[in-house]
Each structure stands twice: as C-alpha cells, then as structure tokens.
Amino acid sequence: MTTPEPPPLAPLPPAAGPGDAERRLHPASWLFVLLQNLRQFIVPLIVLLVAGRRADDGPAWLPLIGIGALVAVSVWQYLTFRYRIADDRLVVRSGLLERSVRQIPYSRIHNVAIHQSLLHRLVGVAEVRLESAGGTRPEAQMRVLRLPEALALEQVIRDRGRTNDARAPQPASATAPGDTLLALSTAEVVKLGLISNRGMIVVAGALALAFQALPDRTAGRWLVEGGREAFGYANAFAATWMAKTLVLAGAVALALLAIRAFSVALALVRYHGFRLQRQGRRLTVERGLLSRSRSSVPRRRIQAWTLREGVLHRLFARRTLEIDTASARGSDGQGQQDGRGLDALAPIATAATCDAIVRDIAAVASWPPTQWRPLHRRAWLRLALGAWLPTTVLCLVLGWFFGRWGLLGLLWLPWSAFVAHRHAARAGYAIDTAMVAVREGWWRRHWRFAEIGKLQAVELRQSPLDRWTGMAALWLDTAGAQPLAPPLRLRFVPLAEAERLHAALSREIARRPLRW
C-alpha cells in the first residue's frame, strides 16, 4: 500500500513591495547558524573536550570556550544581517566592523533553492539560497526565514526576473503557469531505489572510512573473521562442494538484497513527494521525506540535457532526465554539490514522459530527432582497437609470468569486438538549426543534447588511432556541465564530415549571442 504524498509547501502570501524597509532573519536564525558551525567544527571540538578532560594543569571546562565563541559568532551574524527587496534587485547587508553591501539583480539569479530539514519544518522556517551562473558560492544565503517569507521572496524573484526572461524564445506547446509536469508516486520512487546503486556507494564509502578510521588492520580482520564464519556456516549446513557453493551464493544474494533495500530507503528519503512544476518561465522541483527542498530555475538557464537508460531502467521501462544549469553548487562556500540543486527534472519516468518534458521546456523544433546520422562505417573497428591493444599487451605480460594460463585473457577479444559493433550500430548524432544531439552506449545508454545558442566552444580532436582510421571527434563545451555527466561530443565521424561540421558550428557560435 502506498503512503499519501506530502502536501506542497504553504501557499504564497502577498509579495512584498519595492519600497519595503530592511528586514531581519527569523529570531531563531542564530541557532541554525550555530548548528551549521558545530557540524563543521565538531571534530576539533571533540578533540578539545577530550584533551581538556585529560589535562591536569587546567580546568576541564576550558575547551567549552570554543563553543561559546561559536554561539557569539552566530548571534553576531543574526544581528548584523539585513536584506531589502528593491524594485529590480535584492540588497543584502552584513557585518558591523567589516561591512558589506551586496546588490543582486533578479535577472542574474539562476536558481532559488529553499531547503527545510526536519528541524526547520518543526519550527516553520526555511533556508534560502540564491545562485547565479558560474559562481563557487551562492550570491546570498539566508539561514533562516519564516516559510511564508521564503516563498514570498521566491515569488518576487520569479515575477520581477521575467523582464529579462521575456527576450528568450518560448516553446510553442507551453502549458499554463503552475502546471505539474511530473509527480512521482511512492511506487515510482521505490523503482528508482531498485534501479539506482546508491546503497552500494554508501556501503563502499563506509568500508573505506572503516579502513581509514579504525585501528591498524582492524577492519580487515573483521572482514576475514566474517568470511570464516560464513564459510563455517556453509560447512555446517552443506556436505558437498556444490551445496556449499549454493549456500555461499545465497548469502551473497541476501547481502545484495539488503544493499538494494538500503538504496530504496535512500531514494524514499530523498525523492518522496517529488513534484516538477512549471510556474511561469521557471521550473520548480519539490522533494524529500524528512528534509523538504524546493528549488527553482528559469528555463532559459538550462544549458544541456541528458537522458540515461541502464539495464535496470529498461527492465522497468523507465529513463532518467537530467539537466545542466550554470549556477553555483553547494552551500559550504566551496562549490561542492550538496544535492539540493535542480539537476534531475525526472529522476525516473517513462520514455514518453521524458520526451514530453523536453518538448514542453526546451527551445527545440522536435524531440527525439526524426533521423540520426550514423558514425563512420569502421567506427566499430576503432572502438575495438581501443580495447584490443591494452588487452593484448596485458595478456602478453601475464603469459610471460604465468605461461599459457595468462593468455586466457585473449578470450576477451571476441566479446569486446561484439560490444564495439553493437555500440557503433546504436550510436549516432543529429544536428539542425536549433540543437546538437548525440546518443551513445549499448549496455548503458545515454542521449545528450544542447541548443546551439548555449554552446561556448567547439573543438576538433584526432587521436593517433583516429588519424590512422580517417576519423575525428568534435567536443562541444557548455556552461555548468555536471562532473559525472557524459561529455557532449561527436566521436568517430569521418574526417571530412567532422571538418565541415566544425566550420559550420564555429560560424553559428560566433554569430549567435550566448544565452545563459
């Protein structure tokens, strides 16, 4: 039985007027700033407390001065922080001894992120982060505002930033403002957890941390002892080697099921109640079970699109739709992604739903392209050579040391040729007056595309193998590319065709203004 979806965030109150006076944060803001500072300094504070208790030449409470200093800093930040909603910009003042005044035009704000942890929801407040293009830190971070004030500020930025957005071309099939483009049920989020490998990533990270944090060889000794106990249970319940193998395989299967269940739990915590909405010219995403986050970005700020489809995606007939936006990442001031930004428009959806979202939002004539151009007719050979050469060298080295057993790795060559052939048969590219799109992969597939007006540079590359086979690759750069996103590139294109496309795209990029 599915659990009911949480209601959307509170309705918007009337927006503040341009003549408003300066405003303060929520009175409890200093407490949330203190908690954030304690998270950053928790390890040094624990060391100070432990060292203070063991010291014989000073009072045990002396390390608590550090906590008192953090409390003073947090209260100081609350007392000196002000913001004012002007007609065309947001004015933020902070500091007393070292004062700063930051003026942020609404049209320059790419992303408005509203985050509510469980404590935020209990108090009725929210953290607001305003991000612009290419920054390593947010333009403004308000920790914290009352939830109605946070939503009103988001509406002000959305409404008054439309003056600049009005110059961007709009898709013909635009729906009414406030329409829900995608809402994930609990069953869909469970499918997302089954498809994703987040549980395995967390377990691997925990093992790596255990090897680093525990005393020397403790983690390895635990793993060895656990393996011996599992083998002992297999000996107790099975007599033959076949039965022992089946028992161990069952234990491994149970471990994998537990990890997959952990992935489902993580997906429910992060994506429960996921809702993608169009509000005017901005896209808004709400999600989260314990902590609720709300992030919005103008449609014209989207730089590139990525569709992913793995083996488990195909099993459930689903895909994932992600976007790149040119905005700051993270809330720690270092540009590190914290998972609160708007990066996935559809964490899981059917292929038809993903295509419909692209057609509604992107300024492209049609999606998917009606005709994909094939790669070079010997592209499969170029792909296979990239696998054959290192495999052959490795097998020769192993054969030198281990004799004929080391040459068994050569059996991988026919399989790599088959994979290369399948990949080359599926891959392709499409270019028209509006966009550049590529599709790659056979086992794990992806489609990546961008509007030509969002391209920043185009580069023609040739490796030694490319020159030998008469091919070339085009690498296309956009702003705000995700670190884990596949590159936007046209590989294994005939050299003459690559040179023609390189010249044509270079002219288009130079002629068109950069839209971001």
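Strand β2, residues 89-94, is joined to β3 by six bridges, and the two run antiparallel. Two strands count as paired if DSSP finds at least two bridges between them. Within this pair, Leu90 stands opposite Ile104 in β3.

Before going on, the basis. This is a predicted model, where local features need pLDDT of at least 70, side-chain atom pairs count only at pLDDT 80 or more, and totals for chains, interfaces and linings use all residues. Residues are numbered from 1 along each chain as its sequence is written, and side-chain values use heavy atoms, with hydrogens and water left out.

Back to the sheet. The order is β1-β2-β3 in an open sheet of three strands, with antiparallel pairing. β1 (82-85) and β3 (100-105) are the edge strands, each pairing on one side only. On average, neighbouring strands here are turned by 15 degrees against each other, direction ignored; the axes are lines fitted to C-alpha atoms, for helices over the stretch in contact, and angles run from 0 to 180 degrees between N-to-C directions.

Next, strand β10. Is β10 (residues 292-298) enclosed or open? Seven of its seven residues are buried, so β10 is largely enclosed by the rest of the structure. Buried means under 20% relative accessible area, exposed over 50%, and partly exposed in between, with a 1.4 Å probe and protein chains only. Arg292, Arg294, Ser296 and Pro298 are on one side of β10, Ser293, Ser295 and Val297 on the other, and both faces are covered.

β10 has antiparallel partners. β4 (residues 111-116) pairs with β10 over five bridges, and Val112 stands opposite Ser296. β9 (residues 282-287) pairs with β10 over six bridges, with Thr284 opposite Ser296. The hairpin of β9 and β10 has four residues between the strands, and Gly288 there takes a positive phi near 120 degrees.

Now the cavities. How many cavities of 30 Å³ or more does a search of the whole structure find? There are four. A cavity is a set of points, on a 1 Å grid over the protein atoms alone, where a 1.4 Å probe fits but cannot get out; lining residues have an atom within 4 Å of a point. Points are joined across faces, edges and corners, and volume is the space filled by probe spheres set on them.

The second largest cavity holds about 80 Å³. Its lining includes Leu375, His423, Tyr429, Glu440 and Phe492. β14 (428-431), β15 (435-440) and β19 (489-494) each supply at least two lining residues, and β19 gives the most, with four. The lining divides into six nonpolar, two polar and four charged residues. Here Ala, Val, Leu, Ile, Met, Phe, Trp, Tyr, Cys and Pro count as nonpolar, Asp, Glu, Lys and Arg as charged, and the others, Gly among them, as polar.

Phe492, in strand β19, has a positive phi of about 60 degrees although it is not a glycine. At 5% relative accessibility, Phe492 counts as buried. Ala317 is not a glycine either, with a positive phi of about 55 degrees. Ala317 sits in the loop between α10 (311-316) and β12 (319-325) and, at 49% relative accessibility, counts as partly exposed.

Last, cis peptide bonds. One joins Arg143 and Val144, with omega about 10 degrees; Val144 lies in β6 (residues 140-146). Another joins Trp367 and Pro368, with omega about -5 degrees, and Pro368 is in the loop between α11 (351-361) and α12 (379-402).

Definitions and conventions
On a 1 Å grid over the protein atoms alone, a cavity is a set of points where a 1.4 Å probe fits but cannot get out, and a pocket is an open set with protein on both sides within 12 Å along at least five of seven lines; lining residues have an atom within 4 Å of a point.
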